[in-house]
Amino acid sequence: MPVISPNAFAPPAANDLAAAVPLGLREKVRRLERAHSAQRGGRAASVALGLPAIDALLPDGGLLTGALHEIEAGPAPSGRVASHDGAALGFAGHIVGRFVRQTGGTILWCRRPTGTFDAPPYMPTLSAWFDPARVLMVTAQRDADLFWAMEEGLRCPGIAVVLGETRAADPTAGRRLSLAAEKSGIPALLLRAQPAPPQSVCATRWRIASAPSHSTPGLSDVGAARWRLELRRNRFGTPSAAEIPSWLVEWNDETHCLSVVPQTLDGSSSAYWPESDAARLVG
């Protein structure tokens, strides 16, 4: 007599149902849900960086508002890696300023001090990108408290963008932040002083490092600040994950704008990461 298992007529597991839906279709549905959440909050679905060469690769021509984005510091010319070396923090300030300019509201800045001599970001410098009076600074003693504050901030009306400085790599916290950002339409940024784990639900991941400035020929002046940008993850845009586009960008203090350095001026518009630095970052 054949034996029939009680589970033979049970509905398929949730994971099996999800596997039956094509990945591309699932991502399209999530993008539509994110756009709906952003529009419900009076926000655009994406905000342009103001760099056409980079915006062209991003979904909807900019950074998604209801999404999680990661910014990690690359090696400085001295070999030091720190989120406050000026490059990563400056790029984060540029992104925050673009979001605030589009929606207004408060900037929730969450951080955990990393040592006795750790200092908060110098707001007079960041005033080049946004009004420091808009910043609500939260200091946490634990990584769990920092992620909790970020998640609660994403649920609060009047918040334009939530930024967290962290060294922690918590996949669960990342997923919760991503879902909270999608639901509210508010962008979440993670600023890291070291490379993040490859597995992440972030929409984009950037690696930023300082680059030598360009002085006027024949003069010993200090040129405009330059950064090397790598787009290491672009979940909803192009190119594929196997390609890592890079650019050399320059900040203009007069126009308060970033621009991609033309190849004719720099010799190459691609960022170059020395093998020693790459090996140290991976190791």
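1. Let me start at Trp227. Beyond its neighbours within four places in sequence, Trp227 is in contact (heavy atoms within 4.5 Å) with Gly86, Ala87, Gly90, Phe91, Trp129, Ile208, Ala209, Ala211, Trp247, Leu248, Val249 and Leu258. A separate core of 20 residues, the second one, includes Leu68, Cys110, Ala188 and Cys202.

2. A word on the basis of these notes. The model is predicted, so to speak of local features pLDDT must be at least 70, and side-chain atom pairs count only at pLDDT 80 or more, while totals for chains, interfaces and linings use all residues. Residues are numbered from 1 along each chain as its sequence is written, and side-chain values use heavy atoms, with hydrogens and water left out.

3. Now the overall picture. The protein chain has nine helices and eleven strands; these are DSSP runs numbered from the N terminus, H or I of at least four residues for helices and E of at least two for strands. Of its 283 residues, 43% count as buried (under 20% relative accessible area; exposed is over 50%, and partly exposed lies in between, with a 1.4 Å probe and protein chains only). Among contacts between residues at least 6 apart in sequence, 70% join residues at least 24 apart.

4. Which residues touch the most other members of the largest nonpolar core? They are Phe91, Trp109, Phe130, Trp206, Ile208 and Trp227, in a core of 38 residues. Helix α4 (residues 87–103) gives the largest share of this core, nine residues. Such a core is a set of buried Ala, Val, Leu, Ile, Met, Phe, Trp, Tyr and Cys residues joined through side-chain atoms within 4.5 Å.

5. His94 is also in helix α4. Is His94 buried or exposed? It is buried, at 5% relative accessible area. Leaving aside neighbours within four places in sequence, His94 is in contact with Leu49, Trp129, Trp251 and Leu258.

6. On the aromatic side, a search of the whole structure finds four pairs. Rings of Phe, Tyr and Trp (its six-membered ring) pair if their centres lie within 6.5 Å; planes under 30 degrees apart count as stacked, over 60 as edge-to-face and the rest as tilted. Phe91 and Trp206 form a tilted pair, 5.4 Å centre to centre with 55 degrees between the planes. This pair links distant parts of the chain, with Phe91 in helix α4 and Trp206 in strand β8 (residues 204–211), 115 residues apart. Phe91 is buried at 0% relative accessibility, and Trp206 is buried at 0% as well.

7. The rings of Trp129 and Trp251 have centres 5.0 Å apart and planes at 45 degrees, so this pair is tilted. Trp129 sits in the loop between α5 (123–126) and β5, and Trp251 in strand β10, 122 residues apart. Trp129 is buried at 12% relative accessible area, and Trp251 at 6%. Ring pairs link Trp129, Trp227 and Trp251 into a cluster.

8. Finally, two backbone angles to look at. Asp60 has a phi near 60 degrees, a positive value in a residue other than glycine; Asp60 lies in the loop between α3 (52–55) and β2 (63–64) and is exposed, at 51% relative accessible area. His256, not a glycine either, has a positive phi of about 55 degrees. His256 is in the loop between β10 (246–252) and β11 (257–260) and counts as partly exposed, at 40% relative accessibility.
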